Amino acid sequence: MKNYMNKDQKMPLYGIGPFLILAVALLSLLGILLSFTVLSGGTVNGTGKLLFYFAAFFLIISGFLIWFFGAVHSDVDTYIKENRLKTDGIYAWTRNPMYTGWWFVLIGILLLFHNLWTLPLIPLQWALLTVVLKRTEEQWLRELFGEEYERYCKRVNRLLPCKKQTASM
């Protein structure tokens, strides 16, 4: 994954991201296609359908906003090029706002098809994101930033944008 901007840059600018998001998108697409065929019995109508639509639009809008603040509004590419750890702004809420944003958008799109049988894909997508991030980018960041990254991980969730509860003594 050589997509470095300069010779002193230690982290790739894009990392595993495009491939990982493609894998999550393919899981959503599989669910959508199956919801028209073998899983069509799980289609929800009436009030339930409206709830699916409400959740879908909320997740799609939230996902785009989280992605925007992580990718466009955060200046994260400068941090990567300068080998600095970004921990403020949206990065104080989720360690991976770009993945979280796209994941939320893809969940929202999946929910637009209002099928109960596709819901198990959501934790499957989460597991895929978690395993791949732990084995790639998180290892790279631990090697590069050491204890600073460990402290950051203790404060901020990997994907879900909420601050961790810290035990007070």
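Biologist: Which residue forms a salt bridge with D88?

Modeller: A salt bridge is a side-chain nitrogen of Lys or Arg within 4 Å of a carboxyl oxygen of Asp or Glu. Here D88 pairs with K86, and their closest N and O atoms are 2.7 Å apart. This is a predicted model, in which local features need pLDDT of at least 70 and side-chain atom pairs count only at pLDDT 80 or more, while totals for chains, interfaces and linings use all residues. Residues are numbered from 1 along each chain as its sequence is written, and side-chain values use heavy atoms, with hydrogens and water left out.

Biologist: Is K86 buried or exposed?

Modeller: Buried means under 20% relative accessible area, exposed over 50%, and partly exposed in between (1.4 Å probe, protein chains only). K86 counts as buried because its relative accessibility is 11%, whereas D88, at 39%, counts as partly exposed.

Biologist: How many salt bridges does a search of the whole structure find?

Modeller: The search finds five. In one of them, the side chains of E138 and R158 meet at 2.5 Å, N to O. E138 lies in helix α6 (residues 137–145) and R158 in the segment after α7, so the pair ties together parts that are 20 residues apart in sequence. Helices are DSSP runs (H or I, at least four residues), numbered from the N terminus. Both E138 and R158 are buried.

Biologist: Which residue forms a salt bridge with R142?

Modeller: The partner of R142 is E150, with the closest N and O atoms 2.4 Å apart. A network of salt bridges links R95, E138, R142, E150 and R158.

Conventions: Helices (H or I, at least four residues) and strands (E, at least two) are DSSP runs, numbered from the N terminus.
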